[in-house]
Amino acid sequence: MSNKLFVKNLNLDTSALALGHLFETVGTVNSASLAKDNNGLSRGFGFVEMENHETALRALQQLDKHELEGRQIHIELSRDKPNTFQNQQWQRSLPRRFRRGGYMGVSQRAPMNRYDSQMFRSMTLPRPRMHRRPFRARDGQWQDRKDSSVRIYVSNLPFTATEEELQVSFANYRVTEVILPKRRYNTSLNVGYGFVEFEDEEEQHRVLQEVKEITLGGRQCRIEVAHDQLTKPEEEETGTQKDKETLIQRNQPRVHTLADFDVLEELSGGAFGRILLVRLKRTGEVFVMKRISYIGDQKKKMADDEVDMLKQVQSLHVVKFIESFVDGIDMCIVLEHCSGGNMRKLLDEMKMWPIEDRKKRGYFILYQILSALEFLHSRNIVHRDLKPENVLIDKDGNAKTGDYGLAQKMESKSYLKAVGTKVYAPNEAHKEEKMTFMSDIWSAGVIVLEALLGRHPFEGETQEETIRNIKNGRVAQIPDYISGDLKTMLLRMVDPEPTRRPTAKELLSMDLMMIQADIINPPKPIIATVQAIAMLNPTLNVPNDENGRIDGSSFIHTSDNNNKCTITVSPVIEKSIARIEFVFKDHEDSSFCFGIVDNSTVYLPNEAPARDGRNTIRYLSNGNLGHIIRQQAGFFSGSSAAVKGNAAFTCGQHVACEVDLRSSVRCVTFFVEGFEQKNYVIQAPEAVRFFAYVQNPSSQFQITKFQLLSASSARHLSESKPWEWGKDWKQ
């Protein structure tokens with residue numbers, strides 16, 4: 001009976017180490033490995049060998065459809081690969097002496113006489129499998145390829161991909177044929193590669209220039225020119241030490257180093273380490289990296305303990321752990337980047353909100369923090385340092401707990417030593433220097449009360465007075481707008497006596513939280529459910545080289561003038577869904593913007609994007625959305641035709657524009673740091689280009705993403721407002 005499991009639908013960045021750690025929660029793991037392609041990249045599936053068959057069955061029951069690093073994995077018992085030669089009909093007609101071992105069932109020991117050898121040579125043998133070039137059609141016959149001058153070769157496809165899905169990936173181009181060779185024994189699955197044929201050679205060249213890669217089923221599929229010649233892979237030598245070492249290296253999980261990242265900025269630093277914002281060079285993804293000292297046994301143990309704790313606490317409402325590695329004297333811990341900042345920033349913003357909005361957000365935050373605590377406490381883990389700075393907000397507004405450097409597992413003890421920030425530590429931490437699961441509940445209650453009240457519920461004039469109020473249980477007076485079940489729940493959470501506080505599980509089972517679970521469990525991500533089906537290669541169209549220069553996907557204004565530079569981006573977008581993301585840099589004032597322009601518009605040197613405004617939609621850095629400029633209204637003068645209500649943005653922030661030209665209304669939606677903006681545009685032209693505008697000397701912008709999407713990521717909620725292209729907008 002098999003003790004090996006087949007695991008599919010893995011995140012392409014998931015390592016074999018992370019896969020093994022997940023299955024160790026069920027039982028002993030003998031080995032965990034990932035299937036890799038020729039470049040050493042994951043193919044999205046792998047194998048885990050458990051200690052025995054019973055443990056494998058238990059892992060199958062408990063972990064099938066479990067979420068690992070954002071993907072729902074699927075698990076099956078691994079089956080031994082069948083001996084395909086034994087299934088050949090022609091072999092059954094061989095004399096018995098030809099069926100015993102050796103190549104093609106021929107015995108190495110039994111000598112052949114002249115009759116035997118002639119008979120063997122006369123038999124029809126299966127055609128050897130060639131590398132990539134020939135393909136098997138649906139009728140099972142081998143066919144040579146057509147002229148490759150109009151074809152491209154797409155590799156690393158998911159085995160379940162269909163010809164229709166592959167054709168959608170190239171919807172912006174003139175495709176004449178899509179071919180996906182099928183497997184010999186299971187024609188419902190493809191062989192992992194395919195061919196796309198275009199109308200002419202010029203169209204093929206355009207695709208190769210503009211499309212870097214496509215994404216299907218969560219896998220990054222590579223594109224290259226199709227070749228005519230048939231090539232047979234060289235047979236690998238086996239048995240040598242070099243081959244064994246190469247095989248071992250291929251099976252090793254890929255671990256990044258500091259050289260694989262660009263450091264964007266330092267977010268914070270202190271005695272416990274530095275927090276950096278970094279970008280992975282290979283994919284362009286942005287992460288947070290925590291660098292902590294890794295010198296001496298004590299510091300090494302602290303760093304290793306923090307990494308182990310992060311691996312144990314991974315869940316939906318906890319900041320995602322990506323990987324860790326040692327760089328010199330530091331341990332580098334790579335984490336998910338929550339672009340909304342921490343809870344402290346949100347608390348400051350909420351002070352200006354209406355009461356009803358504060359209450360709605362308070363319910364939302366309370367539910368997500370309690371969900372995280374329920375997961376931790378079910379594994380006997382106490383956070384011990386829950387405070388607004390350690391609750392992070394992702395791009396979709398979800399609250400996620402982070403910083404598990406002080407978290408600890410309660411084994412046989414009934415309490416842990418008190419640590420953490422004093423004003424967010426409960427009564428028992430100050431009086432007895434003890435912390436339990438109930439201490440986390442108290443801290444969560446304080447955070448939510450602070451969000452609703454606009455100040456710390458035990459706040460005094462000094463920190464010492466605040467601590468005295470905590471010790472004595474003197475909570476601030478609760479206003480009338482906090483009443484009913486919510487008031488009862490929060491007061492029980494901050495009760496000075498730990499035994500009277502409810503557990504996270506009890507709190508989540510209350511009616512108030514059950515309602516929240518139905519409403520916001522969790523809100524659908526803005527981007528997470530949408531796949532990028534193709535990465536486009538941007539071409540910047542500069543009217544005059546004297547005003548600036550192109551550096552890859554960036555444009556840099558010259559330092560000796562402040563001439564206007566409107567830079568459009570090719571290719572043209574039509575009949576598809578496309579999204580572009582910009583980052584502006586080194587602008588001293590607010591004279592920069594981005595948006596879309598009608599494909600028919602051509603800009604001259606030293607020309608702003610507006611003109612009469614009818615051919616453009618402009619998202620200005622002050623948050624205004626501009627279109628038609630009225631008579632005698634300047635471009636940046638705040639004309640009465642501008643629409644207000646969207647968020648302002650500054651240099652360094654990621655701003656994006658998404659056009660959906662497949663829908664009948666042809667929408668244009670804007671995003672700032674991943675958050676969808678209120679005002680959007682409908683009835684856009686059928687063919688548009690994106691543009692960016694800079695003016696200051698040495699100012700610049702960079703295109704960080706340019707992709708075709710499988711579906712629109714815009715949600716257009718009830719508070720969103722559409723504005724029609726070509727109309728004179730009035731606020």
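## Lys575 and its loop

At 64% relative accessibility, Lys575 counts as exposed, a label given to residues over 50% relative accessible area; buried means under 20%, and partly exposed is in between (1.4 Å probe, protein chains only). Lys575 sits in the loop between β29 and β30 (577-585). Helices (H or I, at least four residues) and strands (E, at least two) are DSSP runs, numbered from the N terminus. The phi of Lys575 is positive, about 55°, although Lys575 is not a glycine.

This is a predicted model: local features need pLDDT of at least 70, side-chain atom pairs count only at pLDDT 80 or more, and totals for chains, interfaces and linings use all residues. Residues are numbered from 1 along each chain as its sequence is written, and side-chain values use heavy atoms, with hydrogens and water left out.

## Around strand β29

Strand β29 covers residues 565-574 and holds Pro571. A cis peptide bond links Ser570 to Pro571, with omega about 10°.

What about Gln683, buried, exposed or partly exposed? Gln683 is partly exposed, at a relative accessible area of 29%. Its place is the loop between β37 (679-682) and β38 (687-694). Phi of Gln683 is near 60°, a positive value in a residue other than glycine.

## The chain as a whole

The protein chain has 15 helices and 40 strands. Of its 731 residues, 49% are buried. Contact means heavy atoms within 4.5 Å. Among contacts in the protein chain between residues at least 6 apart in sequence, 66% join residues at least 24 apart.

## The sheet β2-β3-β1-β6

Four strands form an open sheet in the order β2-β3-β1-β6, with antiparallel pairing. The edge strands, β2 and β6, each pair on one side only. From one strand to the next, the twist averages 25°. Two strands pair if DSSP finds at least two bridges between them. β2 and β3 run antiparallel and are joined by six bridges. Val29 stands opposite Met50 in β3.

Two helices lie across this sheet. Helix α1 lies across β1, β2, β3 and β6, at about 145° to β2. Helix α2 lies across β1, β3 and β6, at about 155° to β6. The axes are lines fitted to C-alpha atoms, for helices over the stretch in contact, and angles run from 0 to 180 degrees between N-to-C directions.

## What covers helix α1

Which residues of α1 (residues 16-24) are buried? They are Ala16, Ala18, Leu19, Gly20, Leu22 and Phe23. Their cover includes β1 (4-8), β2 (29-36) and β3 (42-50). It also includes α2 (53-63), β4 (67-68) and β6 (74-77).

An α-helix has 3.6 residues a turn, so residues three or four places apart point the same way.

## Helix α11

Helix α11 has 17 residues, 437-453. From its first C-alpha to its last, α11 reaches 25 Å, close to the 24 Å expected at 1.5 Å a residue. The expected span is 1.5 Å times one less than the number of residues.

Why is α11 largely enclosed by the rest of the structure? It is because 16 of its 17 residues are buried. Just after α11, Gly454 takes a positive phi of about 85°.

## Two polar contacts

A polar contact is a pair of N or O atoms within 3.5 Å; within protein, one must be able to donate a hydrogen and the other to accept it, and residues adjacent in sequence count only if both atoms are side-chain atoms. Glu336 lies in strand β18 (residues 330-336). At 16% relative accessibility, Glu336 counts as buried. Leaving aside neighbours within four places in sequence, the contacts of Glu336 include Val288, Val318, Ile322 and Asp394.

Asn398 lies in the loop between β20 (391-393) and β21 (399-401). Asn398 is buried, with a relative accessible area of 9%. A polar contact of 3.1 Å joins its side chain to that of Gln368.

## Cysteines

How many disulfides does a search of the whole structure find? The search finds zero. The cut-off is a pair of cysteine sulfur atoms within 2.5 Å. Cys565 is buried at 4% relative accessibility. Cys667 is also buried, with a relative accessible area of 10%.
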